[in-house]
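Notebook open. I wanted a quick look at one helix, one annotated span and the nonpolar packing.

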Amino acid sequence: MSMIAAFYGGKSILITGATGFLGKVLMEKLFRTSPDLKVIYILVRPKAGQTLQQRVFQILNSKLFEKVKELCPNVHEKIRAIYADLNQNDFGISKEDMQELLSCTNIIFHCAATVRFDDTLRHAVQLNVTATQQLLLMASQMPKLEAFIHISTAFSNCNLKHIDEVIYPCPVEPKKIIDSLEWLDDAIIDEITPKLIGDRPNTYTYTKALGEMVVQQESGNMNIAIIRPSIVGATWQEPFPGWVDNINGPSGLIIAAGKGFLRAIKATPMAVADVIPVDTVVNLTLAVGWYTAVHRPKSTLVYHCTSGNLNPCNWGKMGFQVLATFEKIPLERAFRRPYANFTTNNFTTQYRNAVSHRAPAIIYDFYLRLTGRKPRMTKLMNRLLRTVSMLEYFINRSWEWSTYNTEMLMSELSPEDQRVFNFDVRQLNWLEYIENYVLGVKKYLLKEDMAGIPEAKQHLKRLRNIHYLFNTALFLIAWRLLIARSQMARNVWFFIVSFCYKFLSYFRASSTLKV
Ligand SMILES: CCCCCCCCCCCCCCCCCCCCCCCCCCCC(=O)SCCNC(=O)CCNC(=O)[C@H](O)C(C)(C)COP(=O)(O)OP(=O)(O)OC[C@H]1O[C@@H](n2cnc3c(N)ncnc32)[C@H](O)[C@@H]1OP(=O)(O)O
Ligand SMILES: NC(=O)C1=CN([C@@H]2O[C@H](COP(=O)(O)OP(=O)(O)OC[C@H]3O[C@@H](n4cnc5c(N)ncnc54)[C@H](OP(=O)(O)O)[C@@H]3O)[C@@H](O)[C@H]2O)C=CC1
């Protein structure tokens with residue numbers, strides 16, 4: 001019997017960010033392993049014209065929840081969606097709902113965040129710092145609270161090379177930042193943002209670090225733990241391999257590569273690709289929830305959920321395997337054939353962007369215009385290159401994360417819990433994982449039918465022929481222009497033609513003699 005699964009039985013659990021990538025997998029695993037839990041409260045806002053109920057309905061009816069619904073058909077009765085917008089004071093939660101949350105909640109998993117790299121400092125602080133502070137305040141008024149688990153990121157201290165499982169201070173106190181953002185106007189905030197974030201690459205990593213400081217400062221006598229996952233990828237094993245439903249992190253680049261938009265990238269092939277499957281993060285999170293509530297460590301423990309120190313893979317190997325999978329299972333209607341060119345040089349990157357990315361987009365838009373359609377490729381390409389430039393920081397460096405607490409926790413689990421809540425990344429086979437990841441991107445994210453693979457392969461063949469034809473035409477045009485202008489080029493041309501002619505004559509004569 002799993003002690004962790006039993007622990008969550010009968011519990012009232014509050015999850016923020018339950019509609020996000022990690023939140024959904026967390027909810028699924030909780031229902032699957034502890035179907036006798038009392039209730040999961042989720043803080044949700046209406047979005048894209050959908051009410052809270054419609055959003056919950058959509059999640060429960062997705063492929064991810066198929067197993068859970070078989071095991072526990074009344075799962076919808078155990079989810080209580082509470083209106084909440086983390087940008088508002090008190091999250092805009094009604095008095096009655098607040099009362100229920102305060103009096104009933106046993107465990108909190110705080111997953112909500114803005115994960116955009118280009119968010120304004122004001123918005124990133126509001127969500128990743130102030131909202132965390134408010135949630136801690138709420139938590140401190142919950143008499144039945146047993147544990148508060150905060151999800152941070154392994155990159156909150158990406159300005160360091162070696163990162164320990166401790167909370168590092170930021171030069172400016174979070175409270176001072178929160179106060180000053182209240183009266184500073186947006187233009188000034190934009191101006192001081194680079195100074196505040198210092199040697200971090202974006203507002204996301206900076207505000208996640210501030211969020212951790214807030215957790216430390218406001219922890220009071222609550223049982224709190226922080227989890228720092230690295231780059232969260234598709235599921236490894238549970239509920240089935242390869243599930244992914246958003247384009248963050250590697251997923252977006254996998255699509256861009258598979259569709260042939262992205263053919264070159266500034267990436268260091270030997271740099272560690274610290275990707276971690278989302279189900280591994282969820283298993284660790286649930287184990288930490290149990291450990292924090294039951295063993296009540298004296299201080300706030302930080303757990304690194306990373307792969308690099310235990311089972312490293314690098315970007316070169318990852319890129320190669322992604323492309324190898326596209327050979328077998330291509331994406332539909334690719335723009336060009338998938339291809340990878342890694343470079344670490346700025347000049348080569350600019351050159352490749354011009355030749356491999358912008359020029360084909362311009363030519364394609366020209367073709368769209370000629371055929372009376374609206375050009376769109378250049379815009380799409382500019383957006384992709386902007387995204388890639390934001391990710392470059394993470395694919396050209398390696399970090400070392402120590403994992404003492406995570407390993408200590410693993411050793412505390414019973415063999416049954418080690419199996420049911422497996423977060424031992426040493427067992428991960430990267431080649432198999434990446435292949436399933438690519439397949440998952442095709443099936444669950446792009447919703448492409450596997451029956452379309454032969455047609456997708458045909459399409460790639462047509463693209464290859466167009467590519468050869470285009471290159472031959474380009475060569476002939478260039479050569480023709482050269483011949484018209486240079487005597488030397490003409491001489492070389494006549495030499496090659498007469499050589500070919502002589503070779504053919506000799507070949508014909510010798511084959512006639514044999515007969
Ligand atoms: C894995 C290997 C791939 C290999 C490819 C192989 C071949 C290629 C050749 C070269 C080889 C490359 C090899 C190396 C590849 C390395 C890949 C590695 C990626 C590394 C990622 C590192 C990240 C590490 C970060 C730390 C981890 C964290 O803690 S953070 C969590 C992750 N966060 C993110 O990833 C956020 C990043 N995103 C953003 O910040 C923004 O989205 C953006 C700034 C990038 C883009 O903003 P923009 O305004 O342009 O677009 P936006 O309006 O946001 O959206 C555009 C359209 O897309 C839709 N969208 C947006 N988000 C999603 C989503 N999550 N799910 C679904 N759809 C989404 C959005 O609605 C828009 O649609 P329309 O409205 O219809 O236009
Ligand atoms: N994905 C990754 O690679 C990594 C993620 N992490 C951390 O894991 C956690 C979860 O990330 P992930 O699931 O990938 O992110 P997602 O972007 O998929 O999910 C974010 C969640 O936060 C919610 N949210 C955002 N703004 C608000 C708001 N104003 N009010 C209420 N809810 C809001 C979103 O709700 P809505 O659906 O309404 O937008 C969504 O449920 C985050 O803390 C992130 O920092 C850490 C390392 C890597």
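How far apart do the end C-alpha atoms of residues 357–448 lie, and how much of the span is helix and strand? I get 25 Å between the ends, with 70% helix and 2% strand. Helices (H or I, at least four residues) and strands (E, at least two) are DSSP runs, numbered from the N terminus. The unreviewed UniProt entry annotates 357–448 as "domain: Fatty acyl-CoA reductase C-terminal"; such annotations may be inferred rather than shown by experiment.

Ground rules: this is a predicted model, where local features need pLDDT of at least 70 and side-chain atom pairs count only at pLDDT 80 or more, while totals for chains, interfaces and linings use all residues. Residues are numbered from 1 along each chain, and side-chain values use heavy atoms, without hydrogens or water.

Next I checked H8, residues 186–197. Its buried residues (under 20% relative accessible area, 1.4 Å probe, protein chains only) are Ile189, Thr193 and Ile197. Down the helix axis they fall within an arc of 60° (directions from the axis to the C-beta atoms), so they line one face. Ala187, Glu191 and Lys195 sit on the face turned away, exposed (over 50%). Helices H6, H7 and H9 are among what covers the buried side. Just after H8, Gly198 has a positive phi of about 60°.

Then the cores: buried Ala, Val, Leu, Ile, Met, Phe, Trp, Tyr and Cys joined through side-chain atoms within 4.5 Å. The largest has 107 residues, and Phe109 is one of those with the most contacts inside it. Helix H11 gives the most to this core, ten residues.

Notes: Chains are lettered from A and ligands numbered from 1 in the order in which they are written. The expected span of a helix is 1.5 Å times one less than its number of residues. Contact means heavy atoms within 4.5 Å.
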